[in-house]
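Trainee: Could we go through this one together? I'd like to start with the aromatic rings and then move on to helix packing.

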Amino acid sequence: MNTTEIINGICSQMGISKAELAKRIGLYPSSLYRKLSKESMTFEELQKCLDVLGVEVELQFQFPDGHRFSSQENHKQIVERMGVLEKKLEAASKVDEFRKKSLRELRTELNSAVGYAEICRRHRSQVDLYLDKLSVVHGNMERAISFALGESFHDEADEIEPVQIEQLQGKRVLLVDDNELNREILAEVLLDHGLLFEEADNGSKAVAAVKEHEPGYYQFILMDIEMPVMDGYEATMKIRRLPNRIRANIPIIALTANAVAENRERAAVIGMDDFLVKPTNSARLLRSLAKFL
């Protein structure tokens, strides 16, 4: 049954003319006739006609397993759901467009970096000049990558104050990561700025280390999220449940290479205090630690 047959049948049964129906839904009679003759009436317009006439539509669904489902949906609910979906699709499209633009810019910066490196090799007398240019390119690449990953980016100019670096010196960090190379990179940053550190390669060892030492022994924990034996989420929950409040309230900073929103939200819910995406640079790491001085 097409739209014309539906409208004609209902109008006939209810004793109402199509001209009167057109008036009720805010159309000229000629517009309604044209839509019916060309079968160009949209679902929303048809639903509006049925609403004006007081007719409810029963939707019948039959699934592959033979199960049938019947329900009545009103026009407002359908339009609202379609509106929400449309907004989500529009937002997703914009995000995808911006990220593609960012990645194209990143490709350009990578090409520039290769070019500067080659020039530096050929013209050693101007090496300092080209290294400065490479530093600029590196900063632009950081911005592009951060944008593509949906992260906020802070320029190196936003580094913490020297007095805060001094306050960090001598503080002890428990570095928890199953990847030895990641631990070495972070350890180097910590040592360069006067911090002490101890290591654990899974969450279970991290919890044991916190329990083993006196309260206040560790001032910070850098906690990888994905690890064997016990992941960072479970380890954090166990630490937060320790009876001693000093141990339980150690600032815990999440480390992950997967910067999806779900990971950030889960980290916050289970009690992690900050969130860093690997690989991170020294400025971001120090800013994060300085928040909890």
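This is a predicted model: local features need pLDDT of at least 70, side-chain atom pairs count only at pLDDT 80 or more; totals for chains, interfaces and linings use all residues.

Trainee: How many aromatic pairs does a search of the whole structure find?

Mentor: Searching the whole structure gives 1 aromatic pair, and that pair is formed by Tyr217 and Tyr218, whose rings are 4.9 Å apart centre to centre, with 80 degrees between the planes. Because planes over 60 degrees apart count as edge-to-face, the pair of Tyr217 and Tyr218 is described that way.

Trainee: Is Tyr217 buried or exposed? And what about Tyr218?

Mentor: Tyr217 has a relative accessibility of 16%, so it counts as buried, the cut-off being under 20%; Tyr218 is also buried, with a relative accessible area of 5%.

Trainee: Which residue lies over the face of Tyr217?

Mentor: That is Arg172, at 4.1 Å from the ring centre of Tyr217. Elsewhere, Arg266 has its charged end over the ring of Tyr233, 3.9 Å from the centre of that ring.

Trainee: Switching to helices, at what angle do helix 9 and helix 10 pack?

Mentor: Helix 9, residues 203–212, and helix 10, residues 232–240, pack at about 20 degrees, and their axes are 8 Å apart. Since angles under 35 degrees count as roughly parallel, helix 9 is roughly parallel to helix 10, and the crossing between helix 9 and helix 10 is right-handed.

Trainee: Which residues meet there?

Mentor: From helix 9, Gly203, Val207 and Val210 meet Ala235, Lys238 and Ile239 of helix 10.

How values were computed
Residues are numbered from 1 along each chain as its sequence is written. Side-chain values use heavy atoms; hydrogens and water are left out. Rings of Phe, Tyr and Trp (its six-membered ring) pair if their centres lie within 6.5 Å; planes under 30 degrees apart count as stacked, over 60 as edge-to-face and the rest as tilted. Buried means under 20% relative accessible area, exposed over 50%, partly exposed in between (1.4 Å probe, protein chains only). A charge sits over a ring if NZ of Lys or CZ of Arg is within 6 Å of the ring centre and within 35 degrees of the ring normal. Axes are lines fitted to C-alpha atoms, for helices over the stretch in contact, and angles run from 0 to 180 degrees between N-to-C directions. Helices (H or I, at least four residues) and strands (E, at least two) are DSSP runs, numbered from the N terminus. Angles under 35 degrees count as roughly parallel, over 145 as roughly antiparallel, 65 to 115 as roughly perpendicular and the rest as oblique. A crossing is left-handed if the near helix is turned anticlockwise from the far one by less than a right angle, and right-handed if clockwise. Contact means heavy atoms within 4.5 Å.
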